Amino acid sequence: MADNSSRHGKATRAVGAGRRKEWTGPVVNPPIWRASTHLYESEAERKAALPDNRDGRFYYGRRGAPTQWALADALTELEPGAAGTVLYPSGVAAISGALLAVLSPGDVLLISDNSYEPSRSMGLGLLKRLGVETRFFDPLDLAAYSDLFCDRTKAVWLENPGSLSMEVCDIPALTAKARERGAVSLIDNTWATSLGFPALERGCDITVTSLTKHISGHSDLMMGAASAGELLYRRLRITSQQLGQVVSPDDCALALRGLRTMPLRLERGMQSALQVADWLAAREDVAHVLCPMRPGDSGYELWQRDFTGGCGLFSFVLKGRDEAARARLVDNLELFGIGYSWGGFESLALPFDLDRIRDAMAWPKADWDTGDRWGVRLSIGLEDPADLIKDLESGFAAMDG
Ligand SMILES: *Cc1c(COP(=O)(O)O)cnc(C)c1O
């Protein structure tokens with residue numbers, strides 16, 4: 001069992017996580033072990049290794065080598081309640097790998113309606129073909145959610161805050177209901193990471209993170225992870241091995257490098273995001289700022305209660321403008337790139353339109369009397385926030401220009 005007892009603060013834990021002598025030798029970081037074949041000393045040793053399916057046991061490249069094990073260990077140590085972590089070639093591979101580990105034909109899966117779009121497509125696509133039925137729910141409506149359960153409900157997929165629209169839901173309440181009904185709770189915890197939301201302690205059974213975002217932190221790799229307690233960890237591991245999912249040691253070394261500075265980057269991203277969000281909220285041409293870290297936001301109370309940190313990702317919605325105006329705004333930003341992903345050192349702006357990817361929740365939100373709907377998600381990077389604000393100011397000026 002990893003030492004994930006939170007004896008130390010977040011930054012201290014991120015610096016020390018996974019740095020075992022067996023992985024690093026006499027240097028600070030684990031060497032990059034590029035390996036498919038692992039050689040045995042003897043036939044007896046090869047035979048003895050076969051049933052021992054654990055990290056840290058040489059077998060064959062598909063089960064990894066010390067560079068991968070060091071990263072998996074580090075993530076387990078940072079996740080209170082986890083017995084192990086499986087690495088995947090992308091965040092989406094972690095999502096599909098985790099769902100395939102717990103679902104069988106005939107099962108019903110409940111998916112939070114504001115989940116990341118590829119998680120929704122997994123339910124509507126591959127899982128449907130495999131005979132799993134998906135039902136979407138509004139994570140803010142506990143009564144309707146409770147009514148959706150049936151004897152075949154085997155898993156609940158959560159994300160907090162919700163993708164793009166950033167609602168915060170009551171994870172302890174949602175997972176307690178799932179547990180009572182015998183369903184496994186899985187969460188996409190990419191926004192907060194284990195440092196900002198200890199998902200297993202809040203009632204989730206499996207926590208999934210896209211390492212592409214905050215852990216990498218430098219927009220140069222793709223990877224995902226899923227962590228769980230002993231029993232589910234073993235199911236995740238066996239499923240990922242059956243699917244043949246491996247990650248490269250080079251990418252693991254980069255991810256470990258990113259991990260060491262992640263607490264600093266998260267904190268700085270959050271502080272800058274709050275400055276930018278306050279500035280946006282004061283503008284006449286902004287209808288809504290969707291940022292649960294901000295006092296007054298509808299998700300703020302739950303965020304304060306359940307989270308131990310935030311990050312630089314939030315959204316806003318334009319007031320009284322159209323799609324073309326929004327395009328003029330983002331096209332005239334210089335410091336913000338237009339693109340997918342987030343959590344890198346550089347700022348990004350992503351226009352979004354939720355009309356086609358919500359079933360149980362309204363967009364524009366039901367309580368928005370103006371009906372404004374043209375949203376932009378900002379990933380606030382490590383630039384000086386004053387420069388980002390100036391950049392946005394020029395964008396807004398061009399929007400109506
Ligand atoms: C990007 C993202 C993922 C998927 O991660 P990839 O590494 O891009 O496959 C999953 N969940 C959320 C919330 C994300 O933003």
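**Terms and basis of the model**

Helices (H or I, at least four residues) and strands (E, at least two) are DSSP runs, numbered from the N terminus. The structure is a predicted model, in which local features need pLDDT of at least 70, side-chain atom pairs count only at pLDDT 80 or more, and totals for chains, interfaces and linings use all residues. Residues are numbered from 1 along each chain as its sequence is written, and side-chain values use heavy atoms, with hydrogens and water left out.

**Overall form**

The protein has 15 helices and 12 strands. Along the principal axes, its C-alpha atoms fill a box of roughly 75 × 50 × 35 Å. The radius of gyration, taken over C-alpha atoms, can be set against a globule rule of 2.2 Å times the number of residues to the power 0.38. For 401 residues a compact globule would have a value near 21 Å, and the protein agrees with this because its radius of gyration is 22 Å.

Two domains make up the division of the protein: domain 1 (10-258) and domain 2 (263-399). These bounds come from an automatic or database domain assignment. The centres of the two domains, taken over C-alpha atoms, are 27 Å apart.

**Where the domains meet**

Domain 1 gives 42 residues to the contact and domain 2 gives 36 residues, where contact means heavy atoms within 4.5 Å. The size of an interface is often given as the accessible area lost when the parts come together. Here domain 1 and domain 2 bury about 3300 Å² between them, and 62% of it is on carbon and sulfur atoms. Buried area is the accessible area (1.4 Å probe) that two parts lose on being put together, summed over both. Which residues of domain 1 lose the most area to domain 2? They are Leu 164, Val 168 and Trp 191, together accounting for 24% of what that side buries.

There are 21 residue pairs in polar contact across the interface, both residues being at pLDDT 80 or more. A polar contact is a pair of N or O atoms within 3.5 Å; within protein, one must be able to donate a hydrogen and the other to accept it, and residues adjacent in sequence count only if both atoms are side-chain atoms. On the side of domain 1 that touches domain 2, at least two residues come from each of α1 (10-16), α6 (117-124), β3 (133-137), α9 (171-180) and α10 (193-196).

**Salt bridges**

A salt bridge is a side-chain nitrogen of Lys or Arg within 4 Å of a carboxyl oxygen of Asp or Glu. The structure holds 26 salt bridges, and the count between domain 1 and domain 2 is three. Arg 305 pairs with Asp 170, with 2.7 Å between the closest N and O atoms.

Arg 46 forms a salt bridge with Glu 43, at 2.8 Å between the closest N and O atoms. The two are about one helical turn apart because they are three residues apart in helix α3 (residues 43-49).

**Backbone exceptions**

Most residues other than glycine have a negative phi, and most peptide bonds are trans. A cis peptide bond joins Asn 160 to Pro 161, with omega about -5°. Pro 161 is in the loop between β4 (153-159) and α9. Met 166 also lies in the loop between β4 and α9, and its phi is positive, near 65°.

Trp 363 and Pro 364 are joined by a cis peptide bond with omega about 0°. Pro 364 is in the loop between β11 (348-352) and β12 (375-379).
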